Amino acid sequence: MNLIDVHCHLDGDCYGDLEGLINSVLASGVKKLIVAGVDLNTGRFNKSLSEKYACCYYTVGFHPTELKTYREGDLEKIAALANCGKCVAIGEIGLDYHYPDTDKPLQRRIFTGQLTLAHSLGLPVVIHSRDCAEDMLSIIREYREYLTCGALMHCYSHSPEIAAELEKYGFYFSFGGTSTYSGSKRARKSIAAISSERLLTETDSPYLPPLSKKGVFPNTPASIPEITANMAEIKGVPAEQFADIVWHNAHALFTKL
């Protein structure tokens, strides 16, 4: 079975032995990982990880809640880190209005700057979007000409109706462990409504464990088989068939895989 985690975080010390983690992930049947960046340091770490492990690819970008470390000129450094065959996208980037002290104008400025950067580099984008649906849609509509290399809404949390509009722009959508919970009605409705040709699997490790690992930290990319099986059940297709669809989707969006 062809399994892939299109969005995980492997930096930090919560995993312990990374060599052992990678081996356990490969033993679970997951063949490729895309390790997501949130700032310059994680981008550098991800690049080094991709150079050490054949199964690892990476993204680089500034996450909206990590902009406290952003300095003018950092987008040029992001571009330099992206200049590698194993960097598959600019991400994760976007908007996050969850916290009360959010600097919304700054988030919007750096988000749109990274959309423009990705377009200039010929790379797709991986978008983080939380509690910001109206502004997110407004920016996507305005900048859709900069999204011609593809876009992923990672850990999709908005409505099926918004997903339908984004599908028209060629977006892909990934879902993780929370979609395995019966209470995750919005995610499950979105999975059911979105075309299978636009769906991807992720873990967002070390966060968001699936039902069988509820309360476990860290979550790992070895959770992908459970997530894949759950999404396949929602779509009403065999897990192996759905895994092949996701594998094809991932390579269609991330052409450097």
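The chain has nine helices and eight strands, where helices (H or I, at least four residues) and strands (E, at least two) are DSSP runs numbered from the N terminus. Its radius of gyration is 17 Å, close to the 18 Å that the globule rule gives for 257 residues, so the chain is as compact as a globular protein of that length; the radius is taken over C-alpha atoms, and the rule is 2.2 Å times the number of residues to the power 0.38. Please keep in mind that this is a predicted model, in which local features need pLDDT of at least 70 and side-chain atom pairs count only at pLDDT 80 or more, while totals for chains, interfaces and linings use all residues. Residues are numbered from 1 along each chain as its sequence is written, and side-chain values use heavy atoms, with hydrogens and water left out.

Of the 257 residues, 55% count as buried, and here buried means under 20% relative accessible area, exposed over 50%, and partly exposed in between, with a 1.4 Å probe and protein chains only. If we take contacts (heavy atoms within 4.5 Å) between residues at least 6 apart in sequence, 73% of them join residues at least 24 apart.

Now to the pockets. Rolling a probe the size of a water molecule over the atoms shows where empty space is left. On a 1 Å grid over the protein atoms alone, a pocket is an open set of points where a 1.4 Å probe fits, with protein on both sides within 12 Å along at least five of seven lines, and lining residues have an atom within 4 Å of a point. The largest pocket has a volume of about 400 Å³, a volume being the space filled by probe spheres set on the points, which are joined across faces, edges and corners. Which residues lie nearest the centre of the largest pocket? Among its 19 lining residues they are R130, C155, Y156, S157 and T178. Strand β5 (125-130) gives the most to this lining, with three residues, and β7 (172-175) and α7 (185-193) each supply at least two. The lining divides into five nonpolar, ten polar and four charged residues, where Ala, Val, Leu, Ile, Met, Phe, Trp, Tyr, Cys and Pro count as nonpolar, Asp, Glu, Lys and Arg as charged, and the others, Gly among them, as polar.

The second largest pocket has a volume of about 320 Å³, and of the 18 residues that line it, H9, V38, H63, E66 and Y207 are the closest to its centre. Its lining has five nonpolar, six polar and seven charged residues, with β4 (87-96) and β5 each supplying at least two.

Finally, some backbone details. Most residues other than glycine have a negative phi, and most peptide bonds are trans. In the loop between β8 (199-201) and α8 (224-235) we find P206, and the peptide bond from S205 to P206 is cis, with omega near 10°. P218 lies in the loop between β8 and α8, and a cis peptide bond joins F217 and P218, with omega about 0°. L208 is found in that loop between β8 and α8 too; its phi is near 55°, a positive value, and L208 is partly exposed, with a relative accessible area of 25%.
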